[in-house]
Amino acid sequence: MTRKLGVCYYPEHWPEDQWPRDAARMKDAGLTLVRIGEFAWSRLEPSPGDLRFDWLDRAISVLAEAGLEVVLGTPTATPPRWMLDRHPDMLAVDARGQPRKFGSRRHYCFSHPGYRAEAARIARLLGERYGRDPRIVAWQIDNEYGCHDTTLSYSDAARHGFRDWLAQRYQSTDALNRAWGNVFWSMAYDRFDQIDLPNLTVTEPNPAHALAFRRYASDMVVAFNRAQVAALRPLTDAPLIHNYMGRVTEFDHHAVGADLDIASWDSYPMGFLLDRVEAPADHKAAYLRQGDPDFQAFHHDLYRGVGRDGRWWIMEQQPGPVNWAPWNPAPLPGMVRLWSHEAFAHGAEAVCFFRWRQAPFAQEQMHAGLLRPDDSPAPGLEEAAALAADLPRLPDVSPSRAPVALVFDYPSQWAWEVQPQGADFDYFALCFAMYRGLRKLGLSVDILPADPARLAGHDLILVPGLLHLSADMTAYLATTQAQVLVGPRAGSKTPEMSIALPLGPNLQGLDATVTHVETLPPGAERALQRGGAAERWIEAVETRAEILEETTEGAPVLIRTGRQHYLAAWPDPEAMGRILRDLCSRAGIQTTDMPEGVRQRVHGHHKLVVNYSSEMRVFENDALPPAGLVWKLIP
Amino acid sequence: MTRKLGVCYYPEHWPEDQWPRDAARMKDAGLTLVRIGEFAWSRLEPSPGDLRFDWLDRAISVLAEAGLEVVLGTPTATPPRWMLDRHPDMLAVDARGQPRKFGSRRHYCFSHPGYRAEAARIARLLGERYGRDPRIVAWQIDNEYGCHDTTLSYSDAARHGFRDWLAQRYQSTDALNRAWGNVFWSMAYDRFDQIDLPNLTVTEPNPAHALAFRRYASDMVVAFNRAQVAALRPLTDAPLIHNYMGRVTEFDHHAVGADLDIASWDSYPMGFLLDRVEAPADHKAAYLRQGDPDFQAFHHDLYRGVGRDGRWWIMEQQPGPVNWAPWNPAPLPGMVRLWSHEAFAHGAEAVCFFRWRQAPFAQEQMHAGLLRPDDSPAPGLEEAAALAADLPRLPDVSPSRAPVALVFDYPSQWAWEVQPQGADFDYFALCFAMYRGLRKLGLSVDILPADPARLAGHDLILVPGLLHLSADMTAYLATTQAQVLVGPRAGSKTPEMSIALPLGPNLQGLDATVTHVETLPPGAERALQRGGAAERWIEAVETRAEILEETTEGAPVLIRTGRQHYLAAWPDPEAMGRILRDLCSRAGIQTTDMPEGVRQRVHGHHKLVVNYSSEMRVFENDALPPAGLVWKLIP
Amino acid sequence: MTRKLGVCYYPEHWPEDQWPRDAARMKDAGLTLVRIGEFAWSRLEPSPGDLRFDWLDRAISVLAEAGLEVVLGTPTATPPRWMLDRHPDMLAVDARGQPRKFGSRRHYCFSHPGYRAEAARIARLLGERYGRDPRIVAWQIDNEYGCHDTTLSYSDAARHGFRDWLAQRYQSTDALNRAWGNVFWSMAYDRFDQIDLPNLTVTEPNPAHALAFRRYASDMVVAFNRAQVAALRPLTDAPLIHNYMGRVTEFDHHAVGADLDIASWDSYPMGFLLDRVEAPADHKAAYLRQGDPDFQAFHHDLYRGVGRDGRWWIMEQQPGPVNWAPWNPAPLPGMVRLWSHEAFAHGAEAVCFFRWRQAPFAQEQMHAGLLRPDDSPAPGLEEAAALAADLPRLPDVSPSRAPVALVFDYPSQWAWEVQPQGADFDYFALCFAMYRGLRKLGLSVDILPADPARLAGHDLILVPGLLHLSADMTAYLATTQAQVLVGPRAGSKTPEMSIALPLGPNLQGLDATVTHVETLPPGAERALQRGGAAERWIEAVETRAEILEETTEGAPVLIRTGRQHYLAAWPDPEAMGRILRDLCSRAGIQTTDMPEGVRQRVHGHHKLVVNYSSEMRVFENDALPPAGLVWKLIP
């Protein structure tokens, strides 16, 4: 596999005579990819129909002539101001009923058919002009779907779209009333046009109503993306890409990804640490200038599963301090290189830095680039260049199957947001806790959708918190040769957000009935006999299966029959480590206790070891300074 | 007195062929009451005027044939969707001006005359059909008034209603301007239709304006309830009941209760602990699976005072984990039985469990019932059955007068919400702190409105924080043979929310003038000479009365002349205990220092002792395990 | 200089026959000024055009006959209810788009031309009647501009006004687009009427857009004030005053002050401590009944710089507990006197107490006055009288130049609110931290706008966080004979809120380039080699200048060339103290380590020493009890 480095560039931000020098310096730094265009709509079409592609032609020429390959973005995340004159109702509406204004980006509602057509139109126009241009090696569609909480919109367009979507899904309001249990509080509907969006209700809306809206909202992202795919596909053979964000879970990335060729994501380890990682304060303090040691890897493994054939990129890599976290310190020297190596070790084809030169104006003026605003090199440039020099020496780590598969299912995230039952029950946090536990044991992981066809070939399959266990899934889990861990909360519901009957988890061959659940506030953990505790969530289970873990009061927490295990609680880190270690042992997977902050990623006969901590660590005879890394042959 | 057990049941949720088996199992469990119908409007009248009472006829028959007595609810807490087509402006509007949507329950504004008429209509229709039906032993009107913050609505209907209410109260805007002191900031009105609701003002509205709105909003609940009472009274002789909630203080329960026959309330000890009890974190941790040891008793005693002739029920008793608190653990084994015994000890005529079978669908699917969603017995069923077996052995504890009366006045709650003066000054919390202090001394308490006619026959009368001391009240307090404790903050205002002149408390025969007050943030408590401290609130008092308690700096905190005492501060628990003990001693009331978590309720020659703690406690030679209880003869 | 004491009085609140007695008691207490009229519009003009000045004539007569001088307020902070009938759209609109209702005060939008004309009209009418009346010694225009967050309004009037303001500032949208960098996210405008207010955007608006709106909003306050000044100036020779509030920074006080004669402010030390001072909890606890030891002095020095020729007053002085802080304890005995002495020591011409008699009604009924609501003396009256007795003995401390100048610039406050980059970066807090550091060294300070012409004659000039260093300013700083400290974050931007190029600070003669910045959460401070640490904010600096302070890792934190210093971080208190002490030493300014809570203010040969602490302090052989003060000759 060829690995590439690249950078995000905005020719429209700079005088045209600066472009050649910029291109040459990119090339000198060892960068070969350059992403352009994704926010440039107002320059491409300053007024409706007035297309100005000439500057883009020239920019592409300058870049290509310098030996750079171009990734061209569709500019649909930033509709120009005139678009609002054409579609005054295109804005998303917040949960309080207020339209979200023009003046930044992503100011559109995914449900709005008029804007969707405009997005397809500009994509088609770009495709017509550049689709067969060999200098364009890939396309990025839109930018960071869902960022700034833009998936959920309570607009009129969303209301109408939701009603149509419901009519198609349920065919009759009787069916919908039955599926949702609307008899409960006299909530029955007679006509689909009586159904409103589930915001601003007096108390919580019917969770089935809320989950349906979440499914609908996700489908609108899929449809919006698909409209542009449909416009571009006939016009180009270059791969289509979207750049996802970290911990954006409001739409189903697997569904969007199914229409694309390559998944990419925008990796901001330090911004994420303070803004999106759930961890104790001392953990955040320890990794303040490095980012969480598992958060990036989680997304690498997640998006490898989203990309077709496992193809994925980092489209934006943080190169220095950013502007959007509560606090924004600078990365420790070496971290930019470390993050990039780690991405390659997880199978990335490309890592692009965001951005080439720090813009001295507008919203992101405090966001570092590889160059400073005054055109001097920023610290990131040196690390990028060092990385470019590293690239040829990297071992081939084309995506191979990891021993462990972790199922991640977007509808489950929505369902448990709708109905957490305990204030700190969060599906992402549960999956991430399990993932962190695996990483601390030195394991490599594939994060995959709830699709049995994707799970084959792993030695250990983990299915925490899956809303609904389909018949296909239970059949697969009962027959796979892998060790299987299901739960907590998995299989507890129907797809319509009712309690499953018979009561879950309904695994084939494993006798277990979850009769009721308890949620536990901090400080009310239930100790386990073998050490550690259950926290946040614990289930009462009736079972005749073998009990592997139980509370000190004798409540079963981990049971098994054959290869199938059911986990009836959220284990704290100590218990999680033990449970995973035991499972690996049963699955014949070798584990390694990683020192604090040290992580590894294995591919075939190679592995990368990285030190996220701010202290020297010794691991397998290698002394790793902070931000240190080593590629090793596995003996 | 006959005590009854019952259950809440929703025949409309289940197939009709399941009803007979359900009824038989209820009967087997020793339940004799069953409440039905209160959310069934969409099944009773699926479209306007299309009445379908046949299924209800059949349900009543099935239940009655099994030997169960039926409590029939009016379904007005859940208007069907078609009601909004008839009355599009019937929705309550939140304080930010946003209508609260259909999709859950209680989606109506108490001020809306159209909906009020609809509610009276359905009540009348039900009354006409079932009013003389001997199988219907009682009626429940609506459900949990005020729940989900529904008392205060900022709708057009409320605005118009408020203006009419003001016109009736004040007759002229001149009178209103004078009463409110509108000269203060040029806030005078010329016409009643200039007066708006007191939300969204630039800074705080005139407290007199705010309090008037709170009085108005409460009156609307009274009027809404009265419309149904008026419809039902001519049609039935069965008692009319409403089921109040815990710590809902936005309307005057005494005023609503005056139109009804029996007060009932919905007791969710564990939900309340995390959601509505003000207590330190360690206290909440200690009672996580039991509920607060005083919160239920407070409401038992409060609603006994609301019910006509002291008649009251538990209409909904938590039987296991609920779904609506921040976290929802399961009760300790035995607590369901303990809570019910305690209710009977406080004089309840009936305890009904909510609900029979856990619904697998809609908003409350995670709320336990006596049966699991799969029809198997849930843990609560066994405790209910044990309770049924206990019932015949219970001593007769028909409501008798307690030695202590605690005045609880809803307008005072509103007034101090409008004007707390210190961020943690809350009237309910003040009354509850006093109540808890009494309970820790083993005392039984009557909680009563600020009506001298209700106070006779007690040995100790406590009047904390009463907004206004009427002439009747001061005359009564000066002449009663009881020991009297007034304050803090009692008698400090006129009924129009001005400062009383002469300055309060204006007790007859007790020389005391509160010249100014101070509010104290946590950490700024003022130590008392005899131990403990004043917290939150302390008054400067000019007095020639006897000083019983003072701060270490010599400021009087408790003064008395004869039987009348004035308390000029909010005592911390230590000081509260001492002050109450001394008062009891003076009143000739015997006190008992209860062990932590142990409480008792005395009636005549019997008392119930309960252990709310999670540890074994020994009290009067009885060893009480967690959730343990004992009925004892008082020697 | 003659110093005066006064009081705020509301004749319209009291029966007319009470006025003479009130006036006589004021006089007896030693008060000579009385402010009236500023909330009385509804009494002056009960309906449009129906002027009723007769009562005001009589009130002025009564007061003047008692020997009191009158300060007359224009009543424009409290438009009567009928004003809304004439101008239904005059209300300010909050950031969520909701109009803010009638029912308290300040219910107007500064942008509304109709209301501005009404304000000018009533000012003119008052001026015509009283402008040449010798009994009126000064005028107060409006009341507490900006209080209750009223400077920023998102009304239609504001939107239209903002567009006109932008058109005047930028002349063309092309110029605006360039200035703001609107190319960034396709945010370009074609017409000024496309530009909206920067609220409710999907993510943050362009900071240039946001800052422009903040400038506009401030200009609207200036224009509103100027309209009244324009009405009054031709009609009176008495000085025009506005009473500013503490830590209200949403409009440019220097710009408003330029149209007025005297600055005044409303000093509520205890309300401010809990509500507006940023300080650790233990600090707040220590000064709970005294107020922060530096917050009042900061505003004294700030408003002395706002007043023409340094003229300033306290228009409202807290005389006891107030009603509006989260908690409201009473001041320690002596504090009212201490606060007033301190104001005089900082050059105040007058101190007026708010208010004469506590009103028993309306919003401020819990706000102490010099009299209680029952007409008895409140504790403040005795302190006011003691103060009156002190006055003749006070040394003359007419404003003299302090050795230290601290630049305070309102646009910098707005800019860093728009773009804090770290959650705790606040411009006021930075300036206040520096001010506190100076006060702890016993220094007297002038707080001045960013105008070189104002800085002459100081020995030390501090310029923290100034958004933009103008050419005039850098020229001045390079040539002044004073020691100069610039930074952190000073000179980092253009006036249009872009990053300055070349990168800041661009001081003449001091080689320093801030290449990037880091913000630091609590716990991530960077230790300095000489002790203490950098907190919140630290810059990476390239420099060949002398390094005076650096982190333990060797990053420069304080550099200098000649007299100019650049500070590249926010120093913690320890480091701040050392840095300031060293600077003073270099500037030949003598410093004194003040005991905790003790402060001094020097003028010529006199100084006032005050003890804000709640314990006895000894300073220079004087034993100062809590609230103690001493005026001393400087040897």
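Visitor: Why is Ser186(B) called buried?
Guide: Buried means a relative accessible area under 20%, exposed means over 50%, and partly exposed lies in between (1.4 Å probe, protein chains only). Ser186(B) has 1% relative accessibility, so it counts as buried.

Visitor: What kind of model are we looking at?
Guide: It is a predicted model, in which local features need pLDDT of at least 70 and side-chain atom pairs count only at pLDDT 80 or more, while totals for chains, interfaces and linings use all residues. Residues are numbered from 1 along each chain as its sequence is written, chains are lettered from A and ligands numbered from 1 in the order in which they are written, and side-chain values use heavy atoms, leaving out hydrogens and water.

Visitor: Where does Ser186(B) sit, and what is its phi?
Guide: Look in the loop between α7 (173-180) and α8 of chain B. Helices (H or I, at least four residues) and strands (E, at least two) are DSSP runs, numbered from the N terminus. The phi of Ser186(B) is positive, about 55°, although this residue is not a glycine.

Visitor: Is Ala362(A) buried or exposed?
Guide: Its relative accessibility is 1%, and that makes Ala362(A) buried.

Visitor: Which peptide bonds are cis?
Guide: One joins Gly487(B) and Pro488(B), with omega about 0°. Another joins Phe354(C) and Arg355(C), with omega about 5°. Pro488(B) is in the loop between β12 (483-486) and β13 (512-520) of chain B, and Arg355(C) is in the loop between β8 (350-353) and α14 (379-390) of chain C. As a general rule, most peptide bonds are trans.

Visitor: How do you know that α6(B) and α8(B) are roughly perpendicular?
Guide: Two packed helices are described by the angle between their axes and the distance between the axes. The axes are lines fitted to C-alpha atoms, for helices over the stretch in contact, and angles run from 0 to 180 degrees between N-to-C directions. Under 35 degrees counts as roughly parallel, over 145 as roughly antiparallel, 65 to 115 as roughly perpendicular and the rest as oblique. Helix α6 (residues 156-170) and helix α8 (residues 207-232) of chain B pack at about 105°, with axes 10 Å apart. They are therefore roughly perpendicular.

Visitor: Which residues make that contact?
Guide: Contact means heavy atoms within 4.5 Å. Among them are Gly161(B), Phe162(B) and Trp165(B) of α6(B), and His209(B), Ala212(B) and Phe213(B) of α8(B). By class, this contact has nine nonpolar, two polar and three charged residues. Here Ala, Val, Leu, Ile, Met, Phe, Trp, Tyr, Cys and Pro count as nonpolar, Asp, Glu, Lys and Arg as charged, and the others, Gly among them, as polar.

Visitor: Which residues touch the most other members of the largest nonpolar core?
Guide: A nonpolar core is a set of buried Ala, Val, Leu, Ile, Met, Phe, Trp, Tyr and Cys residues joined through side-chain atoms within 4.5 Å. The largest has 639 residues, and Trp180(A) and Trp180(B) touch the most other members. Beyond four places in sequence, the contacts of Trp180(B) include Phe162(B), Ala212(B) and, from chain C, Phe361(C) and Ala362(C).

Visitor: What makes helix α13 (residues 335-345) of chain A mostly covered?
Guide: Of its 11 residues, 10 are buried. Trp339(A), His341(A) and Phe344(A) are among them. Gly347(A), which follows α13(A), has a positive phi near 105°.

Visitor: Why is Leu166(A) called buried?
Guide: Its relative accessible area is 0%, so Leu166(A) is buried. It belongs to helix α6 (residues 156-170) of chain A. Its contacts beyond four places in sequence include Leu176(A) and Trp180(A).
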